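Please keep the sequence and the model at hand while reading.

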Amino acid sequence: MSQRGGAQRPNGAAQGKICQFKLVLLGESAVGKSSLVLRFVKGQFHEYQESTIGAAFLTQTVCLDDTTVKFEIWDTAGQERYHSLAPMYYRGAQAAIVVYDITNQDTFGRAKTWVKELQRQASPNIVIALAGNKADLSNKRMVEYEEAQGYAEENSLLFMETSAKTAMNVNDIFLAIAKKLPKSDSGGQSGQRPQPGVRLNEQNQASEGGCCK
Amino acid sequence: MSSGLVQNDVDGYGFQRPSNFNHGEYDAFMAEYLPVMTRRALRWEKVIGNASRINKSRTVKRFCRKGIPASLRPMVWMSITGADVRMESNPHLYQQMLSANHDRELTETIEMDIHRTFPDNAYFSNPNDNKCLRKPLYNILISIGHRNKTIAYCQGMNFIAGLMLLIMKDEDKYEEKVFWLMDTLINNILPDYYHPDMHAIQVDQELLGELVKWKYPAIHTHLDHLGLQWCLIGMKWFICIFADVLPIDTVLRVWDCLFSEGPKILLRVALAIVCRNQEKILKCKNFSEVTDLFQEAVVGSDSLHCHSFLKCMFEELGSLPMARVNRVREEVKTRV
């Protein structure tokens, strides 16, 4: 019924734990942050995606072996003046996707600034992924793959070029993040703010996950 | 998209209805709402006659709370905000702003958002249509940005100006009128809201939190326990003054009051959303449930029924004394 384009969804019951992570998307205006989230959460793409004001909140679940990973996603506004609000969204985040547009060199520069800010001010163990979006427009490319990859390696970032339009690498980047996140076994209650890799009460969460039933 | 019986997929303002749009419920709402508005229109005509301007008065304030009829809305908005007087006293200003040499960065920023403003609306989606409002929207935003150098352009202003255009588009000089309405909004009605430091808007989110604590202490305690901060939920509400947030008829009713009474209305709207969803909020077990709830509540049936929504804003909420609001605002200013 729904057009969920979730990542790997191995059949069979989830035996294991459910982990919940807060993930934030950052990057210059119009690089495709909302489009990446829309593709990941609903499997959809709109050529003209409304500008995001403030931030939008969405959730999506992926399954990794015996673990169900639930992402709480904050998709933020890209305009520079919203920058001062960003700490509110990345505070306590366990993961971030910093997005740039491969057809626009300025957006890559802006992405580097975001990475620096996260390294300095976000949680020390935050998993950061760099996404070079609009990879379907490679004939207009202004940021070389090797340049971004080199930068990502130097800064220990996950890196992929993505296309929200064709769905290329969209699920993969979220899945790669899920793999890299620590799945701790320490207990936690679903009513609290998520702790890093909190293991949720499965009875509470099982009905809303949407996968691994 | 759908086959067979085609119901109206586009509403009266040109907005594409979502695929899960509840036609039955909407029709029931309109059956109830249209006669109300027809009665209001008759009352308004008695007060206004064929005047082209109205003065603020207690009656006008009361009438605005009960809704401005669609046919009178452009004139009444221009009048109660004082935008009409400013336009008349500066007859060439809009053209000057429009034909000036515009800053390149400003131009680029605005251009990027023009096709991202109501992309599903019939009046914004097709640039080849001569009724398309993209060009007027660009003209207004660039002129506003050029005139107000500090504010320049804040994302969200595109939705406000876009909705104003949809309401004013059949008027004479509608582009110039929306320019003046926008200029009055950002300078007189909500001064500081669109300032690049976004301080005022963050202060008002904190203020909202304090007012929830005062009016609905149990809700406040519960939201606090779930880790919800108002600025996570309410930023778009306030920046867009509920455009692209609440159902369109409700937004228009909110604007009727905002333009007549000022910014306190925004707090009343936010409190009404809380008020109408108290039970549901208390049932939420975690952060993502309550965040989802608010995202659904603003478009849901409780918000669609604009007449009872507005009633809640004023009657059920009770008094919201300006002195108290201002005092609390000063208190929270120190911690933002």
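Angles under 35 degrees count as roughly parallel, over 145 as roughly antiparallel, 65 to 115 as roughly perpendicular, and the rest as oblique. The model is a predicted one, in which local features need pLDDT of at least 70 and side-chain atom pairs count only at pLDDT 80 or more, while totals for chains, interfaces and linings use all residues; side-chain values use heavy atoms, with hydrogens and water left out. Residues are numbered from 1 along each chain as its sequence is written, and chains are lettered from A and ligands numbered from 1 in the order in which they are written.

**Helix α11 with helix α15, chain B**

- Helices (H or I, at least four residues) and strands (E, at least two) are DSSP runs, numbered from the N terminus.
- The axes of α11(B) and α15(B) cross at roughly 50° and come within 10 Å; axes are lines fitted to C-alpha atoms, for helices over the stretch in contact, and angles run from 0 to 180 degrees between N-to-C directions.
- The two helices α11(B) and α15(B) are therefore oblique to each other.
- Their crossing, α11(B) with α15(B), is right-handed, a term used if the near helix is turned clockwise from the far one by less than a right angle, anticlockwise being left-handed.
- On the α11(B) side the contact (heavy atoms within 4.5 Å) is made by D204(B), L207(B), L208(B), L211(B) and V212(B), and on the α15(B) side by L267(B), A270(B), L271(B) and V274(B).
- These residues of the contact of α11(B) with α15(B) divide into eight nonpolar, no polar and one charged; Ala, Val, Leu, Ile, Met, Phe, Trp, Tyr, Cys and Pro count as nonpolar, Asp, Glu, Lys and Arg as charged, and the others, Gly among them, as polar.

- Helix α11 (residues 199-215) of chain B packs with helix α20 (residues 322-333) of chain B at an angle of about 120°, their axes being 9 Å apart.
- That angle makes α11(B) oblique to α20(B), and the crossing of α11(B) and α20(B) is right-handed.
- The contact of α11(B) with α20(B) comprises six nonpolar, one polar and six charged residues.
- With helix α12 (residues 217-226) of chain B, the axis of α11(B) comes within 5 Å and crosses at roughly 125°.
- This makes α11(B) oblique to α12(B).

**Residue K264(B)**

- K264(B) is found in helix α15 (residues 264-276) of chain B.
- Residues up to four places away in sequence not counted, K264(B) touches L320(B), M322(B) and V325(B).
- K264(B) and P321(B) are 9.7 Å apart in space, C-alpha to C-alpha, and 57 residues apart in sequence.

**Chains and salt bridges**

- In the interface, 32 residues of chain A are in contact with 42 residues of chain B.
- Over all chains, the structure holds 22 salt bridges, each a side-chain nitrogen of Lys or Arg within 4 Å of a carboxyl oxygen of Asp or Glu.
- Between chain A and chain B the count is zero salt bridges.
- A salt bridge joins the side chains of R110(A) and E80(A) (2.9 Å, N to O).
- R110(A) lies in helix α3 (residues 105-121) of chain A and E80(A) in the loop between β3 (67-76) and α2 (86-90) of chain A, so the pair ties together parts that are 30 residues apart in sequence.
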